[in-house]
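I opened my notebook to look up a structure that was new to me. Here is what I noted.

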Amino acid sequence: MKIIKLHNQEKSLIKKAINNNREAQQQLFEQHSPKMLGVCRQYVKDLHHAEDLLLQGFFKVFKNLHKFKHEGSFEGWIRRIMVNTCISYLRKKNVLNLSDEDFVFNDAATESLENTAVEDIQKLIDQLPEGYKMVFNLYAIEGFKHSEIAEKLNISESTSKSQLFKARKLLQKNYLKMNKAVHEDE
């Protein structure tokens with residue numbers, strides 16, 4: 001019963017926000033901005049830039065709210081806008097250096113991170129070069145397939161796979177360094 005009530009409440013807020021009701025827009029922003037800031041932070045290391053992208057993303061959300069068809073989750077729709085906003089920002093800054101190199105893919109390249117704090121994992125991801133980080137986030141966090149990543153970033157599928165492979169290798173290397181440093185401090 002609560003799920004239906006919440007869904008109807010969100011639908012009502014969306015309808016009001018489409019009609020430029022600032023209070024409804026504010027409520028939608030307050031409901032979704034904490035999680036969407038996390039999405040922006042996955043792509044952009046600097047918190048201030050991530051906050052700017054969050055605001056740009058919500059501007060796009062409210063500008064295009066009439067296009068939301070209620071086919072799927074509203075949060076997912078917002079998330080896609082945030083990811084695309086971050087990709088556009090990184091593209092404009094020319095920080096996406098994606099190379100198309102041959103490689104051998106090996107799933108054993110990643111170390112288990114199950115017992116690692118979320119903050120530590122985010123720090124490891126932040127250390128990745130922007131191109132690696134972008135592909136890693138789109139694949140591992142957002143669940144995109146390599147064909148979708150290739151299309152979204154205008155690269156080949158093999159480049160997407162290569163970037164993911166390199167990201168995993170670097171994450172593993174940095175994870176091992178981090179663990180070694182922690183054990184030496186004990």
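**Notes on the loops and helix pairs**

I began with His 70, which I found in the loop between α3 (47–63) and α4. Helices here are DSSP runs of H or I with at least four residues, strands are runs of E with at least two, and both are numbered from the N terminus.

I noted where the model comes from. It is predicted, so local features need pLDDT of at least 70 and side-chain atom pairs count only at pLDDT 80 or more, while totals for chains, interfaces and linings use all residues. Residues are numbered from 1 along each chain as its sequence is written, and side-chain values use heavy atoms, with hydrogens and water left out.

I looked up the phi of His 70. It is positive, about 60°, although His 70 is not a glycine. Most residues other than glycine have a negative phi. Is His 70 buried or exposed, or partly exposed? At 34% relative accessibility, His 70 counts as partly exposed. For these words I used relative accessible area: buried is under 20%, exposed is over 50%, and partly exposed is in between (1.4 Å probe, protein chains only).

I then turned to Asn 20. Its phi is near 65°, again positive in a residue other than glycine. Asn 20 sits in the loop between α1 (2–18) and α2 (22–43).

**Phe 68**

I went back to the loop between α3 and α4, where Phe 68 also has its place. Phe 68 has 8% relative accessibility and therefore counts as buried. Which residues is Phe 68 in contact with, leaving aside its neighbours within four places in sequence? I found Ile 14, Ser 73, Phe 74 and Trp 77. Contact means heavy atoms within 4.5 Å. I also checked Phe 68 against Ile 18: they are 50 residues apart in sequence and 10.0 Å apart in space, C-alpha to C-alpha.

**α4 with α6**

I took helix α4 (residues 74–92) and helix α6 (residues 130–141) next. They pack at about 165°, with axes 12 Å apart. Axes are lines fitted to C-alpha atoms, for helices over the stretch in contact, and angles run from 0 to 180 degrees between N-to-C directions. The two helices are therefore roughly antiparallel. The cut-offs are under 35 degrees for roughly parallel, over 145 for roughly antiparallel, 65 to 115 for roughly perpendicular, and oblique for the rest.

In α4, I listed Arg 79, Val 83, Ile 87 and Leu 90; they meet Glu 130, Met 134, Leu 138 and Ile 141 in α6. By class, this contact has six nonpolar, no polar and two charged residues. Ala, Val, Leu, Ile, Met, Phe, Trp, Tyr, Cys and Pro count as nonpolar, Asp, Glu, Lys and Arg as charged, and the others, Gly among them, as polar.

**α6 with α7**

I then followed α6 to helix α7 (residues 146–153). This pair packs at about 135°, with axes 10 Å apart. That makes α6 oblique to α7. Met 134, Val 135, Leu 138 and Tyr 139 in α6 meet His 146, Ile 149, Lys 152 and Leu 153 in α7. I counted the classes here too: six nonpolar, one polar and one charged.

**The whole chain**

Of the 186 residues, 39% count as buried. Among contacts between residues at least 6 apart in sequence, 70% join residues at least 24 apart.
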